[in-house]
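Please look at the sequence and the model before reading on.

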Amino acid sequence: MRAGLSTLPDTAEELAYELLAPLGNRWRHTAGVAARAAQLAEPLEIDRDVLVAAAWLHDIGYAERTVATGFHPLDGARHLERLAWPSAIVGLVAQHSGARFVAAARGLAEELAAYPDDGGLFSDALTYADQTVGPDGRRVTTGRRHEEMLRRHGPASWNALVDHVRLPHLRAVADRVEQRLALAGVRG
Ligand SMILES: [Fe+2]
């Protein structure tokens with residue numbers, strides 16, 4: 001940790017860097033999602049520090065040091081809980097991008113439900129940021145992101161198995177965020 005006063009996003013970035021930088025693309029994706037979150041906070045009128053910190057941390061469950069169940073939203077949330085991160089951020093990490101659908105299929109619904117999110121704009125904004133940044137950190141449309149995700153994870157993956165329920169959820173999130181952005185005069 002840096003000397004002096006670190007903001008929540010700075011501290012989150014440092015932790016994410018420590019855990020994810022060795023993973024290459026996962027780090028590039030994370031940095032892209034954090035940048036995207038920073039753009040979205042103002043037009044969505046939500047706390048930038050909380051959203052950007054959650055974006056830096058949302059995929060830390062992929063880091064070797066955090067892996068326990070192999071389900072990254074849960075492993076990431078548990079790691080953050082052990083480090084005493086604010087529960088709002090832990091919940092956002094646990095629930096990002098429709099994690100509950102995959103958790104249900106994997107028999108981890110109860111474990112994940114221990115980390116609720118706000119179920120509102122913060123969750124929508126983090127999911128939207130994640131779903132509009134590709135694995136290499138570049139901006140993509142939600143449609144391309146979905147196609148690429150299914151290709152990368154494969155037809156036998158948990159993600160593919162729950163796609164029929166998770167995709168409508170992700171689309172509804174994108175619609176809600178884009179409507180709000182349009183009201184604020186910003187394109188999604
Ligand atoms: Fe992600």
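The model is predicted: local features need pLDDT of at least 70, side-chain atom pairs count only at pLDDT 80 or more, and totals for chains, interfaces and linings use all residues. Residues are numbered from 1 along each chain as its sequence is written, and side-chain values use heavy atoms, with hydrogens and water left out.

**Helix α1**

Helices are DSSP runs (H or I, at least four residues), numbered from the N terminus. Helix α1 has 13 residues and spans 18 Å from its first C-alpha to its last, close to the 18 Å expected at 1.5 Å a residue; the expected span is 1.5 Å times one less than the number of residues. Its buried residues are Pro-9, Thr-11, Ala-12, Leu-15, Ala-16, Leu-19 and Leu-20. Viewed down the axis of α1, these buried residues fall within an arc of 160°, so they line one face of the helix. The arc is taken over the directions from the helix axis to the C-beta atoms. Buried means under 20% relative accessible area, exposed over 50%, and partly exposed in between (1.4 Å probe, protein chains only). The buried residues of α1 pack against α2 (25–44), α3 and α4 (72–82).

**The α1–α3 pair**

The axes of α1 (residues 8–20) and α3 (residues 48–57) come within 8 Å and cross at roughly 0°. The two helices are therefore roughly parallel to each other, a term for angles under 35 degrees. Axes are lines fitted to C-alpha atoms, for helices over the stretch in contact, with angles running from 0 to 180 degrees between N-to-C directions. Leu-8, Pro-9, Ala-12, Glu-13, Leu-15 and Ala-16 of α1 meet Asp-49, Val-52, Ala-53, Trp-56 and Leu-57 of α3; contact means heavy atoms within 4.5 Å.

Eight of the 10 residues of α3 are buried, so α3 is largely enclosed by the rest of the structure. Its cover includes α1, α2, α4, α5 (87–95) and α8 (121–131).

Leaving aside neighbours within four places in sequence, Asp-59 is in contact with Leu-20, Arg-26, His-29, Thr-30, His-72 and His-96. The C-alpha atoms of Pro-22 and His-169 are separated by 32 Å, and these residues lie 147 residues apart along the chain.

Notes
Parallel < 35°, antiparallel > 145°, perpendicular 65-115°, else oblique.
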